[in-house]
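Me: I have a structure open and want to learn how to read it. Can we go feature by feature?

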Amino acid sequence: MSTSDDSSRFARPVPLIGDTSSARERREDPTGWAMGRAVTDALAQVVAGRRDIRRFRPDAVPDDLVRTVVAAGHSGPSVGHSQPWRFVVVRSAQTRDRAAHLADRARLAQAEHLTSDRANRLLDLKLEGLREAPVGIVVACDRRTPALGVLGRATFPDADLWSCACAIENMWLTARAHGLGMGWVTLFDPADLADLLHLPDGVETLGWLCLGWPDERPPAPGLERVAWSSRTPLDEVLLRERWPSSDGGAQPAPPPSHLRGPSGARLVGATDAADELLSPPESLGVLDRAISRVESLGSRPVVGGTLVLVAADHPVAALGVSAYAGHVTRDVVTAAVAGISMGSSAATAAGLSSVVVDAGVDGPAVTGAVPVRPTGPRGDLVTADGLTAEDVRALVAAGERLGREVGATGLVALGEVGVGNTTVAAALTSALLGLDPGETVGLGAASDRAILERKRDVVARALDRVAPTLDSARTPGDRALAALGGLGGGEVAVLTGVVLGAVAVGAPVVLDGLCASLPALVAVRIEPAVQAHLLAGQVSRERGHAAVLRELGLEPLLSLRLRSGEGVGACLGASLVLQGLAVRRTVARTGAATLAGPSGQSADSV
């Protein structure tokens, strides 16, 4: 016999593991699972205080704290408990330099598709955190398991990516609670970032997380503060029941390199110094960033520099691709040695000294120029290589020695002169960037339609000839040097060495037009850390120049539609940088420094 009184004598069986609550408890106290007011208030404070940090201190983040942040991500929810995330922790300065280069390049590419105002605002966004933050974390999603094999992905195949995004939010909030700053950078071509980290096919990145002690404590989200957008009111995104009717979103080894970009501490120090000026942050715009980059490269003040003007003639000119006679190269070099060419005059006006190099001017060596001339045969690109492999090595080595020498003087500005070298530059640009000749061949100075058509034909045939050699190259550096031999000229080879040598001694390098920017591109393919030392003096009229600067991740200081060559644009850009450095050295400081008021009292008391 059983009665209600009998049932009251027995205790409810309670499992020793799992959920110990009963239906009665849950019915009588639906809110009983809450963690209390203190926890909810703290959580709300952390959520509200999360910021996308862009500026970081160089101080190290302890390994156990990095592990705590990553563990929070690993505790995130995942579709079918698949845990698809893989956390790649990057501390290598070389890898962070290369990631920053990729982001700079992607930012410039995206800006081209925005309105002028939005493009300028995008370019104003600070991405130096990729170099400044001592730790980078890339959350990669391992998607190699077919969606049908994961519970919940058959119907929502991208749920694994959403799971990784949840992991990132866990990490972000945990970092904030511990006082760390985190910035999420997605300005990458995903394939480029995957290549940098040696990710296998089927593993995708969700961008790059910068992690470090913040060098800013923003009261509101950054894009709100710079008026990019504002927080949409909750009621505008909260829908009820339905959408409204139409009438009512494994640790890789770092790549080998002999060079290093500026340290995070130097980058932060340069930014700190700029913040102390009696001026709004980044008041000089693009120039301010160039100045900070220069200051981060070395300990000695940069107050001058050298224009390296390299000249060469090219057999391709005989194919009718230039409007000028061959003797013009020698005429310009002779004037440069005398200090009265456009390039040397611009250097003098900018406060730079000049070095003129003869890297293959037709006829005897130019008197007064540094002779660094090829010794082997030079071809017209269509039927034979522009330079032999031996000459490429010798010219680059000679340029590197010169670069080390002039790098000790401060800024190094690049300049070139050579009849027919716009054709050489177009061919090299096409080969290095994989562009069609129609995208790289421009008119050139004083040219007409007939010359333009001949140049396009010459470049197309030259590319066809060298394609098998380039395709067999094993590394980006090998491919760049092969292109330099097959399609290049003496001035490009020597200036490539100048870039490598100047960077080796910590000098900033200021680029000019297309032909004087290609040496930097070749140098970066050889040594990726070179990019952190480069400044774009200008973007020229030559087709392909903007594409080269995008590939280098550089924003030009000037856009004056120059056609002069000879390093004129580099000198004008260098002059701006030197003036900006002088301004930063002499302008009033805030903070610990005090200013005298009108009656002699300190500014702190005025």
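Reply: Start with L381, which is buried, with a relative accessible area of 2%. Buried means under 20% relative accessible area, exposed over 50%, and partly exposed in between (1.4 Å probe, protein chains only). This is a predicted model: local features need pLDDT of at least 70, side-chain atom pairs count only at pLDDT 80 or more, and totals for chains, interfaces and linings use all residues. Residues are numbered from 1 along each chain as its sequence is written, and side-chain values use heavy atoms, with hydrogens and water left out.

Me: Where is L381 found?

Reply: L381 lies in the loop between β8 (370–371) and α16 (389–407). Helices (H or I, at least four residues) and strands (E, at least two) are DSSP runs, numbered from the N terminus. L381 has a positive phi of about 75°, although it is not a glycine. Q83, also not a glycine, has a positive phi of about 45°. The loop between α4 and β1 (85–90) holds Q83. Q83 counts as partly exposed, at 27% relative accessibility.

Me: How do I read a nonpolar core?

Reply: In soluble globular proteins, nonpolar side chains tend to be buried together. A nonpolar core is a set of buried Ala, Val, Leu, Ile, Met, Phe, Trp, Tyr and Cys residues joined through side-chain atoms within 4.5 Å. Here the largest has 68 residues, and V308, L414, L534 and L552 have the most contacts inside it. A second, separate core of 33 residues includes A346, A347, L352 and A574.

Me: Which residues of helix α14 are buried?

Reply: In α14 (residues 327–337), they are T329, V332, V333, A335 and A336. They sit on the same side of α14 because they cover an arc of only 160° around the axis, taken from the directions from the helix axis to the C-beta atoms. Their packing partners are β6 (305–311), α15 (342–350), β7 (353–358) and β9 (411–417). Contact means heavy atoms within 4.5 Å. Just after α14, G339 takes a positive phi of about 85°.

Me: And how do I describe a helix pair?

Reply: Two packed helices are described by the angle between their axes and the distance between the axes. Axes are lines fitted to C-alpha atoms, for helices over the stretch in contact, and angles run from 0 to 180 degrees between N-to-C directions. The axes of α4 (residues 63–74) and α8 (residues 159–177) come within 7 Å and cross at roughly 145°. T68, V69, V70, A72 and G73 in α4 meet A167, N170, M171, T174 and A175 in α8.
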